[in-house]
Every structure is written in C-alpha cells, then in structure tokens.
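Here is a short report on a protein structure. Keep the 3D view open and follow along.

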Amino acid sequence: MKSFNRISSRIVPLLERDIDTDQIIPARFLKVTTRVGLGEHLFEDLRRNPDGSFRPEFVLNRPEFRGATILLAGDNFGCGSSREHAAWALIGHGFQVVMSTSFADIFYANALKNGILPLVLSTRAFEHLERVSRTGGEISVDLPHRTVAWADGTYTFTIDPFAGLCLQQGTDQLGYILGFEEQIVAYEAGRAAREVS
Amino acid sequence: MRLRTLFEKIWDAHVVAVPSGAPALLYIDLHLVHEVTSPQAFDGLRRRGLRVRRPERTFATVDHSIPTVAGELADPMAAAQIAALETNAGEFGIRLFSGDDPRRGIVHVIGPELGLTQPGMTIVCGDSHTSTHGAFGALAFGIGTSEVEHVLASQCLLQHRPKTFEVRFEGKLDAGVTTKDMTLALLAKIGVSEGAGHVFEYSGPVVRSLSMEQRMTLCNMSIEGGARAGMVAPDDVTFEYLAGRPFVPEPFDAAVLRWKTLPSDAGAVYDRTVTYDVSGLAPMVTFGTNPGMGISIAGRVPDPDRCVDAGSRSALAKALQYMGLTPGEPLLGRAVDVVFIGSCTNARISDLREAADIFRGRRVAEGVRTLVVPGSQAVKRQAEAEGLDRIFKNAGAEWREAGCSMCIAMNGDEVRPGEYAVSTSNRNFEGRQGKGSRTFLASPLTAAAAAVTGRITDVRTLL
C-alpha cells in the first residue's frame, strides 16, 4: 500500500445520501479474481446509459472533474455489501480521498486498507466544501496535520490514530497482526484448556 | 462483578491483545468463505508464502455466482471464480462444499444448518449478511477481502469495539404478519444508518417467541440498519435447534452449560435502546431504493415535498423516479413482473412452507415469472420430501437449485430493466436484482400472494 500524506485536487461532488456499494460497483463486475480493472466500472450504471454510452451529465463524465482525486459524498456512503471491490474501483479510478458526513462501517474499513482516506466531515464543513466543489475550487488534504484547506477556509478532521498512521506509513496491517504470533498462540492454548474443562 | 451484555461477554472472551495505540486484536472462531470475496485473499497468502492458520475453523461454499439450473454451465468468469475457490481450498486444506456436495448452499444458510454456527462464537465472512449468524448468540459480521486474508493468515482481526444497541420488540404479531414485516418496519422507523458503529441485540417477548429461522431473518437485515452485527441471546430454542447437528461440540450438554452463561446480565446497560411495539403491524413492502423505504401494505407512497430536510427530499424523489412511482399512490394492486422467493434472508424451510401454503391450489398469475430458490441443497431435499416442490411447480413457479440467485443477480437469474419484482431478499438498491431492476422487498407470504394474483396484495385476504 502506498503511503498517504498530502494531496491537492478539485472535488467531485456526488451529494446523494446512502450511496450503496451496488451503485459504486454493480455485482455483475464482481466475477473477477484480481483487484485490477474495476476502476473503469466505478459507478457504472450512473455513468452510462443502457446502450453503454456515457451520460454526459453525470459528474464523473464532466471534463472539469477529469483527474480529480477527491470525492465528496452524502451521508452513509458505502452502505450495503462488504465488497472490497468498491474500494478497488474507487482507487482504480484514481480517488484517494472520500469525504462524507458519515460512512458505512465495512466500507470505511475497506477504504483504509486500500490507501483511501475516508474523511469524516462536520455538516458545516460539508456545506463549505459543497460550495467549493460547485465553483471548481481546488482543496488540499493534509493527513499528518489532519487538515482540509480551501481558498477561504480550513477544517480540522479527526481520524483514529492507528488508521491515520497506517495510511501515512502505508502500513501492511497483516504484517502488523502477524507480529502478535506469541499472543495468538497463548490465546489459543488458553481457550483449548477452558473449553475442555 | 460488572454487568455485561451478550456482546460484551463474547468480545471480552475473544480479545487476544490490546496493543497500545491500535484497535484490539480479536480472535475469530469460525471463518466462512465463498467464491466472490476470497480469490484475492488467497493470492495474498501465496504472495507472502503464508498458510491458513486454522483450516479446521475455515469452511467454504459456492453460492453467489453458481447457476440455479442443474447442469447449466456458469459463464466463463463465474466458472473461473468457482474453479479458483476449488483450487484454493485444495491447496490450503479448507473444507469446501461445492459441486454436487449435498451440504452446499448459501453460506448463511449452511453455517447454522450444519451446526457450525454456535453461541458465543466470533464468526466472520466476506459478506455483509454474516450478521445472520448472530441469531445464535454469536458475534458475527461481514468483512472485506483484506480482512478475509488477515483471518486466513492469523485467525485474528484488528477491531475497534463497537457500541451496543438494544432493539426491543414488544406486543404480538397478527396472523399473516411475519418476522420479515417486523424487520422492514424497524428499518422504516430507524433508517439505514442508525446502526453504524453499533451491534444490535434484539430482545423482548416477540424475539423470544421466534423460531431460529425467524431469528436468522431478523439478524440477517441488521446490516440494512447500518449495524455490522445483530444478535439474539441463546435460549432453549437455540439449543434444541443445534442438538444433533453435524458440527456441534461434544459433549453437547457441557457446551449448553457454557452457552447458558451468555445472555446479557439483568441490568446490563446498552449504549442505545429502541423499543418497537409490533401490535397491529400490517404486512410491509418497500417502495424505494433502500430497505428503510418501506410502508404498510395498504399505505401510500410518501411525498418528497413533505420531507423536512433537503437530503431526505432529494433521496426520496430520486428513489421514486427510479421506481417509476408517484407520490400518494397506493402499492396495493400494482402489477408485478417477477416474484423471487429466496436468499439468505428468506429461503429456509419454514419460509418455503409459508409460501407453499399460499401456492397450494392456486396458479401463478399470467405473465408473472416466479422463482423459488432454496437456501441450500438440504433445504431443497427437505422441501421435496414434503412435496413443496410439486406445489410450486404445479402452480407454475420455477423450482431451482440452491444459491444466492436473483438477490444479487450474479448468476444469470435477474430482473430485466424496468421490471417490477416482489422479492423476499434483503436489498432493493438500484440495479441490485439486475440492471434497471425495480424491487419491492416483502415477506415470503406477501411474495407468494403477489405471484398468484399478479399484483401487490395483502396476503391476509388469501389466508
């Protein structure tokens, strides 16, 4: 996983609430055995007409947002299925930050494990950033300092310290877990003894 | 001693370590694996040269992308995914219920059926409906593929401790009103995100009176309320269900004694509590594009203009546009194209028996495509032994092999664009049952009533 520190980008606004993982990546694209190639199907059914052509009005298809790496979404982003394919599709498309007032639990965990910063906003900060997104302004997100800065404002966010550190350092969490081998062995031995008694 | 909830007792018993500055390391007792969310995890193990730490705690099945017509070849991508699971299970020494194995079925149906799911366990699977297993008084939740890899390699997960949320059901359900209706009513009340960061514990006299299969339906949809897990304290109903199943511990009586210590202590405190009185509840049906958008069967489609906040207004307007519905119109009497009776929510034998009672002596309405898909091959055999398959087939419904089928529409079973389906599954998201599909979530009784009348119908008029 790449380490994450600071990025600057325009904001792609996708402001509906409860955007579920079926909208992020429809189930018919889950028949893959790798993580690659999902970016091109991100928000597939919102991005394309039934005949496969792009819907020019959909935000991801608008030229001014090409190459943007920050998504601004409504409440409860990523609800529904546990498919990590949603995170793979976002990162595959180039998104590194998703900002919302709230995230669904499983999506939140999946995003972090793929180097995506799920950034929780206050309602007020959301409103500011919605305005910035409409005017095409660029913002910068600074993870070490926990700040989002735009032309005429800043917002200080919080993130669980462990998650923040893992993102900053590009930490492989499995490597970290395997460092607890002794404790895992001891736990298993203790459990075996209790369940026999 | 501190009074603890069911959740807290299970959590405390599974903490392996509490590293400073990091979430707790939680031990996982049972890991269920399916073809869709696991291939990348096994590849990760191979890349790192790791083995599966506890293959005896890991079980795999094929359910999401498998065709439900016997002998039909899966599409090449689905076939490759299924083949990958077969290879991975062989290479890493995991038991797999695939192909003609009589134990194959939807992962959340076979876990309980085989007695793998037990009270007090921590259970995970790369599937959000893992919450189903909480019906046994287990802490069970869905995880992503990275976490699947973590559990395969270490049998552990790094987890922040969620908060507790008691959902208490009071009153008594009327005839024709089922656990599914009660679940949809709860979601209509609390919405789809209130449970985030929490574990539901369902309690109260209604929950105590539910069978294990009904408790599974209730816990199954916890994730639809935003809670990763939902649970019911184990009791004699639980122990009687489990007795004699293939994978239950021996001696069973000793296990029951341990399990009896699990229910929340009297006076234990939850972070939140909500109470719902089910008295007078009518069958429920959803009208929108998330499971919280539900109304009483005789209700009318709500009007976005009456929403207090702008967010709800636009969400509702968008949902109604997708669904092709007008504010204020009744759903009762609306014609439907497809009826799907299946999924990890409602494809157990009791669900099929309920549906069969409606189909018995009736015919599927002209032009309605009706699929009945058992949750497992064991459910299929049981239904056939009881003659339910003949009732479905004589009525004109299609009787299929076990699988997730039209709930997730990955296997070729799908609702066509613009069609309306009444479905016993768990999600009515845009495109969930196929691109452009429009879903009305309902109970097996209500789905069967729609099949035989061709319209959204109050099943109580057919009882």
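The largest nonpolar core has 201 residues, and A:Val98 and B:Val339 touch the most other members of it. A nonpolar core here is a set of buried Ala, Val, Leu, Ile, Met, Phe, Trp, Tyr and Cys residues joined through C-beta atoms within 7 Å. Buried means that 20 or more other C-beta atoms lie within 10 Å of a residue's own; exposed means 12 or fewer, partly exposed is in between, and the C-beta atoms are placed from the backbone. Helix α15 (residues 444–453) of chain B gives the largest share of this core, 7 residues. In soluble globular proteins, nonpolar side chains tend to be buried together.

This is a predicted model: local features need pLDDT of at least 70, side-chain atom pairs count only at pLDDT 80 or more, and totals for chains, interfaces and linings use all residues. Residues are numbered from 1 along each chain as its sequence is written, while chains are lettered from A and ligands numbered from 1 in the order in which they are written.

**Chain A**

Chain A has 8 helices and 7 strands. Both are DSSP runs numbered from the N terminus: helices are H or I with at least four residues, strands are E with at least two. The C-alpha atoms of chain A fill a box of roughly 65 × 45 × 25 Å along the principal axes. Of its 197 residues, 44% are buried. Leaving out residues up to four places away in sequence, A:Val98 touches A:Leu71, A:Ala73, A:Phe77, A:Leu90, A:Ala111, A:Ile116, A:Pro118 and A:Leu119. Two residues are in contact if their C-beta atoms, placed from the backbone, lie within 7 Å.

**Strands of chain B**

Now to B:Val339. It sits in strand β15 (residues 338–341) of chain B, which is covered on both faces. B:Val338 and B:Phe340 are buried on one side, B:Val339 and B:Ile341 on the other. In a regular strand the side chains alternate between the two faces of the sheet.

Strands pair if DSSP finds at least two bridges between them.

| Strand pair | Bridges | Facing residues |
|---|---|---|
| β15(B) and β16(B) | 4 bridges | B:Val339 and B:Thr370 |
| β15(B) and β18(B) | 3 bridges | B:Val338 and B:Ala421 |
| β6(B) and β7(B) | 4 bridges | B:Cys125 and B:Gly142 |

From β15(B) the chain crosses through helix α12 (residues 349–359) to β16(B), and this β-α-β crossover is right-handed. That is, with the strands pointing away from the viewer, the path from the first strand over the helix to the second runs clockwise.

Another sheet is open, with 5 parallel strands in the order β5-β4-β3-β6-β7 of chain B. Its edge strands are β5 (95–97) and β7 (139–142), each pairing on one side only.

**A buried loop residue**

B:Ala402 lies in the loop between β17 (398–399) and β18 of chain B. Why does B:Ala402 count as buried? Because 26 other C-beta atoms lie within 10 Å. The C-alpha atoms of B:Ala402 and B:Pro374 are 5.0 Å apart, although 28 residues separate them along the chain.

**Where the chains meet**

56 residues of chain B are in contact with 43 residues of chain A. On the side of chain B that touches chain A, α5(B) gives the most, with 7 residues.
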